[in-house]
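Hi,

Here is the structure I promised to pass on. Please open it first, then read my notes below.

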Amino acid sequence: SSDLVDVYRSILIAGNVDDIALYVYTAMALFNMGRHEQSMEALSIYCQAQPNSLFAANLKACNMFHLYNGKVALDVLDALCDDKGKDKNDLIRHNTVVFNNGEKALQFLPGLVDWVPEARLNLAIYYIKQGEIDAAADLIGDMDADSPQSHFVLGILNVERGKTMGDVKA
């Protein structure tokens with residue numbers, strides 16, 4: 001992602017491309033690197049040109065979730081998206097569940113686990129919070145950890161499984 005940011009920035013600085021989409025690509029790469037404040041800066045330029053973009057609204061809300069909390073993220077979505085847009089967009093519905101601390105998780109997340117990678121993790125988190133360790137294990141027990149979040153969730157799952165088996169003292 002760092003290399004992508006450098007490439008996008010060099011194109012934008014050179015002024016050879018008028019493609020505003022490079023700003024949202026830069027914002028997404030910065031978001032994936034955990035550089036949320038910088039992502040917001042790049043995203044603001046894109047949002048000026050495309051104020052009705054659901055993708056940009058969602059990315060802005062995700063940044064705000066990481067920078068502040070779920071309520072702030074939901075406020076961003078409410079301000080930038082009409083209810084029809086939110087209801088029709090699976091990714092925004094997924095993130096609304098996350099921003100609401102798992103509310104309506106069973107309504108939306110199971111249908112998204114095959115195409116939104118975070119949905120599998122977030123559904124597993126929901127199950128763990130509900131004490132449904134076997135359901136979480138069935139969902140992600142054999143998953144390869146490929147991100148800090150997946151390592152974290154798998155670690156918690158394994159501790160909880162150990163507690164239920166008596167291998168770990170609570």
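**What I found**

Along the sequence, the chain runs α-α-α-α-α-α-α-α-α-α-α. That makes 11 helices and zero strands. Helices (H or I, at least four residues) and strands (E, at least two) are DSSP runs, numbered from the N terminus.

This is a predicted model: local features need pLDDT of at least 70, side-chain atom pairs count only at pLDDT 80 or more, and totals for chains, interfaces and linings use all residues. Residues are numbered from 1 along each chain as its sequence is written, and side-chain values use heavy atoms, with hydrogens and water left out.

The chain has 170 residues, and 38% of them count as buried. Buried means under 20% relative accessible area (1.4 Å probe, protein chains only).

Now the cores. A nonpolar core is a set of buried Ala, Val, Leu, Ile, Met, Phe, Trp, Tyr and Cys residues joined through side-chain atoms within 4.5 Å. The largest one has 21 residues. Leu123, Ile140 and Leu157 have the most contacts inside it. Helices α9 (117-129), α10 (133-140) and α11 (148-165) each supply at least two of its residues. α9 gives the most, with seven. Another core, of 20 residues, lies apart from that one and includes Leu74, Leu77, Cys81 and Phe99.

Leaving out residues up to four places away in sequence, Ile140 touches Arg120, Ala124, Val153, Leu154 and Leu157. Contact means heavy atoms within 4.5 Å.

Last, α7. This helix spans residues 90-99, and Phe99 is among its buried residues. Just after α7, Asn101 takes a positive phi of about 60 degrees.

Best wishes

Definitions and conventions:
Buried < 20%, exposed > 50% of the residue type's maximum accessible area, 1.4 Å probe, protein only.
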